[in-house]
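I opened this notebook to keep track of what I looked up in one model.

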Amino acid sequence: MRIKSLHPDRVRAWLARAEAWCRARGSNLTPLRREVLELVIARGRPVRAYELLDALRARGRAGSPPTVYRALEFLEAEGLVHRLSARKAWLACPEPGHDHAGVVLSCRHCGRALEVDDASLVEPLLARLDAYGFEPEAGLLEVPGTCDWCRQERDHG
Ligand SMILES: [Zn+2]
Ligand SMILES: [Zn+2]
């Protein structure tokens, strides 16, 4: 089962919000950074850097790994993408500026990932980790599993 990429109208609207966000913050969304963001948004799931590089090359852009990583670092610093460190992948954030304490529900079957901005889901866990002497990285916790859509396909399809 393959995930469909996001509809171009939704990608355009998402990009327009990102541009307004960067303008308001006085940060420079260069054409390359914008293009990388567009590719991450359009996938609708976490994307790895090499996939972005391939996509840029397919568009005739001469990207190199460092330029892609730098663009992703910028986008992450702006809150426009989240890095899922365990997967070494990036996910576009639908709501830049939120406090980014939540979970990403990540479907093993279709690859879709849903960001749930709910600190109450993770705070008790993070607070308890101290008891194990473990210092977690800030960011989103990824929970692998089966999404609602795939469960319905499985149970009723
Ligand atoms: Zn987010
Ligand atoms: Zn799924």
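**Entry 1: overall size.** I checked the radius of gyration, taken over C-alpha atoms, and found 17 Å for the protein chain; a compact globule of 157 residues would have a value near 15 Å, so the two agree. The globule rule I used is 2.2 Å times the number of residues to the power 0.38. I also looked up the box that the C-alpha atoms fill along the principal axes, and it is roughly 45 × 40 × 25 Å.

**Entry 2: ground rules.** I noted that this is a predicted model, where local features need pLDDT of at least 70 and side-chain atom pairs count only at pLDDT 80 or more, while totals for chains, interfaces and linings use all residues. Residues are numbered from 1 along each chain as its sequence is written, and chains are lettered from A and ligands numbered from 1 in the order in which they are written.

**Entry 3: elements.** I found 6 helices and 5 strands in the protein chain; these are DSSP runs numbered from the N terminus, with H or I over at least four residues for helices and E over at least two for strands. Read from the N terminus, the order is α-α-α-α-β-β-β-β-α-β-α.

**Entry 4: domains.** The protein chain divides into domain 1 (8-92) and domain 2 (103-156), with bounds from an automatic or database domain assignment. Their C-alpha centres lie 22 Å apart. I saw 10 residues of domain 1 in contact with 9 residues of domain 2, where contact is C-beta atoms, placed from the backbone, within 7 Å. On the domain 1 side, strand β1 (residues 81-84) gives the most, with 3 residues. By class, that side has 4 nonpolar, 3 polar and 3 charged residues. Here Ala, Val, Leu, Ile, Met, Phe, Trp, Tyr, Cys and Pro count as nonpolar, Asp, Glu, Lys and Arg as charged, and the others, Gly among them, as polar.

**Entry 5: α1 and α2.** Helix α1 (residues 8-25) packs on helix α2 (residues 31-43) at about 135°, with the axes 10 Å apart. Axes are lines fitted to C-alpha atoms, for helices over the stretch in contact, and angles run from 0 to 180 degrees between N-to-C directions. That makes α1 oblique to α2: angles under 35 degrees count as roughly parallel, over 145 as roughly antiparallel, 65 to 115 as roughly perpendicular and the rest as oblique. From α1, Val-11, Trp-14, Leu-15 and Ala-18 take part, and from α2, Arg-34, Leu-37, Glu-38, Ile-41 and Ala-42. I sorted this contact into 7 nonpolar, no polar and 2 charged residues.

**Entry 6: α2 and α4.** What is the angle between α2 and α4? I got about 80°, with axes 9 Å apart, and the two helices are therefore roughly perpendicular. Leu-32, Arg-33, Val-36 and Leu-37 of α2 meet Thr-67, Val-68, Ala-71, Leu-72, Phe-74 and Leu-75 of α4.

**Entry 7: α3 and α4.** Helix α3 (residues 49-58) and helix α4 (residues 65-77) pack at about 115°, their axes 10 Å apart. That makes α3 roughly perpendicular to α4. Ala-49, Leu-52 and Leu-53 of α3 meet Pro-65, Val-68, Tyr-69 and Leu-72 of α4. This contact has 7 nonpolar, no polar and no charged residues.

Notes: Contact = placed C-beta atoms within 7 Å.
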